[in-house]
Amino acid sequence: MNITIVGRKCTPRESFKEHAARKLQKVEKFFGPEATAKITATVEKNDKAVEITLQKGGFLFRAQERALDLEDALDACVDSLIRQIRKNKTKLERRLREVSFDEVFNAPQAEPEEEEYDIVRTKTVQLRPQNADEAILQMNMLGHTFYMFLNADTGAVNVVYRRKDGGYSILEPQTEEA
């Protein structure tokens, strides 16, 4: 597994990097050596946060945990990832029955079956060109945690959302290149 470790407001120690490599061996058995993992360690005032993003074959798994110690946050994050992987592994195998878990990750993504995901409401929204600041203002006025808008700068449909840490992020579309 290809592991990248990034520190925000800190420089992760070598012992943390070794601990991360050992912990991710548990996850590697699901994905194999071709998967990539990005670990972001953040030190804030009273606590520390670890975010892990795993990627293989167009599938992403992400977990973020906070603790008083980076190693504790990493352990909780890996446990959370393993729960996510096991939960989704069961769903994918049930849907594709005779195909192995590894083949699912290498195959093109299939549309989910309707009986697995119950869509209870479809809502249409009118998109008007606005910049990110206007979209955040509109989202906050509506009291929502996300807002879809037509980006006046790029002409693409974007989604702005409020993060758990109080900041904001924008989702921009990107097409896969063949």
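Predicted model: local features only at pLDDT ≥ 70, side-chain atom pairs only at ≥ 80, totals over all residues.
In strand S6, the bridge partner of Gln130 is Asn151. Strands S5 and S6 run parallel and are joined by two bridges. In general, the strands of a sheet pair through backbone hydrogen bonds, in either a parallel or an antiparallel arrangement.

The sheet is open and has four strands, in the order S5-S6-S7-S8, with mixed pairing. Its edge strands are S5, at residues 129-130, and S8, at residues 168-171, each of which pairs on one side only. Helix H4, formed by residues 132-142, packs on this sheet and touches S5, S6 (146-151), S7 and S8. The direction of H4 makes about 150 degrees with that of S6. Together, S5, H4 and S6 make a right-handed β-α-β unit.

The pairing of S6 with S7 is antiparallel and comprises five bridges. Within this pairing, Phe149 stands opposite Asn158 in S7. The two strands form a hairpin, with five residues between them. Gly155, located in the turn of this hairpin, has a positive phi of about 80 degrees. Strand S7, which covers residues 157-162, is also joined to S8 by four bridges, and these two strands run antiparallel. Here Arg162 stands opposite Tyr168 in S8. Glu172 lies in the segment after S8. The C-alpha atoms of Glu172 and Asn158 are 5.1 Å apart in space, although the two residues are 14 residues apart in sequence. Glu172 counts as exposed because its relative accessibility is 56%, above the 50% cut-off for that class.

Strand S1, at residues 2-8, pairs with strand S2, at residues 36-43, in the parallel sense over seven bridges. In this pairing, Arg8 stands opposite Thr42 in S2. Thr40 stands opposite Glu51 in S3. A hairpin through four residues joins S2 to S3.

Lys23 has its place in H1. This lysine counts as buried because its relative accessibility is 14%, below the cut-off of 20%. When neighbours within four places in sequence are left aside, Lys23 is in contact with Leu74, Asp75 and Val78.

A search of the whole structure finds zero disulfides. Among the cysteines, Cys77 is buried, because its relative accessible area is 0%. Cys10, with a relative accessible area of 22%, is partly exposed, as this value falls between the limits of 20% and 50%.

Conventions. Residues numbered from 1 in each chain as written. Heavy atoms only, no water. Pairing = 2+ DSSP bridges. Contact = heavy atoms within 4.5 Å. Axes fitted to C-alpha atoms, helices over the stretch in contact; angles between N-to-C directions. Right-handed = clockwise from strand over helix to strand, strands pointing away. Buried < 20%, exposed > 50% of the residue type's maximum accessible area, 1.4 Å probe, protein only. Disulfide = S-S within 2.5 Å.
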